[in-house]
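The tour goes stop by stop, with something to select at each one.

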Amino acid sequence: MKPFIQKSFIDLHECDIISQYVELLDRNNRLSKVIKKNGQYWQLNGDPLTDAVGLVYLPKIETILDKNLSLTYTMLRRWKKDCFIDWHRNKWECEVTVVLQISDNHWSIAFASNNQSGSNPVINGTQDEQAQILTPQQGDAVIFNAAETHHGRRPLKDTACTTLMLYYVEKNSYLDQKDNRQVYGDNYQSRLRPNGDVWKINA
């Protein structure tokens with residue numbers, strides 16, 4: 001599947017609601033702060049609101065792609081200025097990835113040509129003219145197979161940028177397991193560990 005932009009995938013007032021939700025979480029210190037070599041960001045995984053967005057928009061993405069899909073998980077991130085994302089591919093639970101531009105700015109996503117891998121020349125300085133670059137506006141969705149396609153971003157120039165990632169797989173496939181969680185919207189409290197234990201079970 002070649003990456004593409006679906007214009008106005010989500011309404012602007014819904015973007016504003018999600019942005020306000022993030023603000024309230026931030027004020028109450030309920031966002032996980034992550035600091036890595038590629039920069040700093042705040043993150044939510046499998047949150048009730050973000051999973052709800054993923055479930056509500058499931059029929060729409062099924063119609064766009066003409067596929068029967070299931071939501072695996074969602075991830076919301078507020079990126080800080082100078083963050084970048086080197087070439088990478090996601091795990092197979094991200095077979096269909098929908099990246100929603102939530103904040104009222106834009107941050108281009110680059111997709112490697114078939115002969116590129118490893119360190120990202122688009123991100124780290126040298127422009128590869130064969131790379132596909134998409135620039136979503138607020139409310140737009142970038143749709144692609146993140147498990148097969150190397151993708152990345154150059155350093156963020158704005159003060160911050162908020163994106164919401166919705167991840168889907170083929171319905172009733174081996175990976176149709178909510179990313180190994182018992183239920184949606186539990187902030188990963190019920191995710192199965194590799195050794196068979198669980199993080200938490202509310203009996």
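Start with glutamate 23 and arginine 78: their side chains form a salt bridge, 2.9 Å from N to O. This pair ties together distant parts of the chain, with glutamate 23 in helix α1 (residues 12-27) and arginine 78 in strand β4, 55 residues apart. Keep in mind that this is a predicted model.

Select Glu23, Asp26 and Arg78 together and you have a network of salt bridges.

Which of these residues are buried, and which partly exposed? Arginine 78 is buried, at 12% relative accessible area. Glutamate 23 is partly exposed at 32%, and aspartate 26 is partly exposed at 31%.

Next, go to the segment after β11. Arginine 191 and aspartate 179 make a salt bridge there, 3.7 Å from N to O, and they sit 12 residues apart. Arginine 191 is partly exposed at 26%. Aspartate 179 is buried at 2%. The structure holds 7 salt bridges.

Move on to helix α3, residues 58-65. Select Leu58, Ile61 and Leu65, the buried residues of this helix. Why do they lie on the same side of α3? They cover an arc of only 70° around the axis, so they share that side. Show what covers them: the elements include β1 (4-6), α2 (48-56), β4 (69-80), β6 (96-101), β9 (141-144) and β11 (160-170). Then step to aspartate 66, which follows α3 and has a positive phi, near 55°.

Strand β9 is the next selection. In a regular strand, side chains alternate between the two faces of the sheet. Both faces of β9 are covered: Ala141 and Ile143 are buried on one side, Val142 and Phe144 on the other. Now show its partners. β1 runs antiparallel to β9, joined by 3 bridges, and phenylalanine 4 stands opposite isoleucine 143. β6 also pairs with β9 in the antiparallel sense, over 4 bridges. Here valine 99 has valine 142 as its bridge partner.

Finish with the cysteines. How many disulfides are there? A search of the whole structure finds 0. Select cysteine 83: the nearest cysteine sulfur belongs to cysteine 161, 9.8 Å away. Cysteine 83 is buried, at 0% relative accessible area. Cysteine 15 is buried at 0% relative accessibility.

Note on methods
Residues numbered from 1 in each chain as written. Predicted model: local features only at pLDDT ≥ 70, side-chain atom pairs only at ≥ 80, totals over all residues. Heavy atoms only, no water. Buried < 20%, exposed > 50% of the residue type's maximum accessible area, 1.4 Å probe, protein only. Helix = DSSP H or I, 4+ residues; strand = E, 2+ residues; numbered from the N terminus. Arc of directions from axis to C-beta. Contact = heavy atoms within 4.5 Å. Disulfide = S-S within 2.5 Å. Pairing = 2+ DSSP bridges. Salt bridge = Lys/Arg side-chain N within 4 Å of Asp/Glu carboxyl O.
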